[in-house]
Structures are given as C-alpha cells and as structure tokens.
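Please consider the sequence and the three-dimensional model together. The account below is meant to be read with both in view.

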Amino acid sequence: DFTYGIRTSSKDGGAAEAIGAWSQIPELPRLGRESKMPRDFISLNKAAVKKGLTTSQEQFQFRAMHNVRQKPQASGRARLNRTQSMPAGADRMTFGITTRPSTPIYDLLEHKYQAEWIQGQKEKEREMQKSAKEERTKSGKIYETRA
C-alpha cells in the first residue's frame, strides 16, 4: 500500500503540547537581484506629466507601457526614501484636525442634557401658547361660548 503525503501522528498532549511545540518553516534564502524592486510611481507620474498626460486613463496606460522600478538602496547604510522623509520640526507639529473636547461623564450620568432639552421644550410651548392667546385677543371679536 502506498500513501500519498506524510503520515499524521496523533499526539494528545493537550494545550501544553500544542503551545510548546510550534513547528516553524525555515526562511528560504533570498537571491540577490532576482527579486523585483517595487515600482517607482513618483518617477512614473513625473514622466507622464512631462509628456502631457493628465487624466487617470492616460496615466494608467502610461504605467502599463513603462515599467520603472525603484533603485536598490545601499545595504550598509540606512537611507530614507523620498516618501519617508519628514519635514524639519515635524516632531513638534500636529497634523490633521483637532478633536472636539470630550463630554463630561458626570453631565451624562445626571441626565443634564435631557433636563436642558425638556426645559427648552417647555419654554417653546409657553411662547406658542402666549402668542396664540395674543392673536385671539388682537382680533377683537367676542366669541359666544354658550350653547
């Protein structure tokens, strides 16, 4: 009998064996220049704009026809890429928009905002009743209320 693949051995050591016996795959050695460098989109965009291609469709076609790759960096020296460089003083700068101040939790717990809303609704109702009463008195008519 021939069995395809490898045989599975059943070891039932529980969670301790499962956690303690992780099998790792050794990393394959990389071949120096055979791996492709990532595309250099900055250079591609500059070249496309110099040729007068400005729409997204023209840019897409230009990138499909021209394959510009990033240059390999010197391995002994760590150098920042154009996209990784930071402006001077960036550690003291704040980027983006500021956040709103947080709502005090005590006000939420005591239902302060609900009470303010109810108070505002009551004031609006009083104003409406007052204006309706003034309109009735301005007309000058006396209404018969007897049946």
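The following paragraphs proceed from the overall fold to a helix pair and then to a charged pair and its surroundings.

The model is a predicted one. Its secondary structure comprises five helices and zero strands, and along the sequence the elements follow the pattern α-α-α-α-α. The protein has 147 residues, of which buried residues make up 5%. Among the contacts with a separation of 6 or more, 53% are between residues 24 or more positions apart.

The description now turns to one pair of helices. In general, two packed helices are described by the angle between their axes and the distance between the axes. Helix H2 spans residues 41-50 and helix H3 spans residues 56-65; their axes come within 10 Å and cross at roughly 120°. An angle of 65 to 115 degrees would count as roughly perpendicular and one over 145 as roughly antiparallel; H2 and H3 are therefore oblique to each other. The crossing of these two helices is right-handed.

Which residues in H2 and H3 meet? From H2 come Phe41, Leu44, Asn45, Ala47, Ala48 and Val49, and from H3 come Gln59, Phe62 and Arg63. Sorted by class, this contact of H2 with H3 has six nonpolar residues, two polar residues and one charged residue.

Glu58 is placed in helix H3 and is partly exposed, with a relative accessible area of 30%. Residues up to four places away in sequence being left out, Glu58 touches Gly52 and Leu53. The C-alpha atoms of Glu58 and Ala48 are separated by 8.3 Å, and the two residues are 10 residues apart along the chain. Ala48 is also one of the H2 residues that meet H3.

Attention then passes to charged side chains. In general, side chains of opposite charge can pair when their charged atoms come close. The structure holds one salt bridge. In that salt bridge the side chains of Lys112 and Asp107 meet, with an N to O distance of 3.8 Å. Are the two partners buried or partly exposed? Lys112 has a relative accessible area of 33% and is thus partly exposed. Asp107, by comparison with a cut-off of under 20%, counts as buried because its relative accessibility is 13%.

Asp107 lies in helix H4. When neighbours within four places in sequence are left aside, Asp107 is in contact with Lys112 and Tyr113.

Most residues other than glycine have a negative phi. What phi does His111 have, although it is not a glycine? The phi of His111 is positive, at about 60°. His111 is partly exposed, with a relative accessible area of 48%.

Definitions and conventions. Residues numbered from 1 in each chain as written. Predicted model: local features only at pLDDT ≥ 70, side-chain atom pairs only at ≥ 80, totals over all residues. Heavy atoms only, no water. Axes fitted to C-alpha atoms, helices over the stretch in contact; angles between N-to-C directions. Helix = DSSP H or I, 4+ residues; strand = E, 2+ residues; numbered from the N terminus. Parallel < 35°, antiparallel > 145°, perpendicular 65-115°, else oblique. Left-handed = near helix turned anticlockwise from the far one by under 90°. Contact = heavy atoms within 4.5 Å. Nonpolar A, V, L, I, M, F, W, Y, C, P; charged D, E, K, R; others polar. Salt bridge = Lys/Arg side-chain N within 4 Å of Asp/Glu carboxyl O. Buried < 20%, exposed > 50% of the residue type's maximum accessible area, 1.4 Å probe, protein only.
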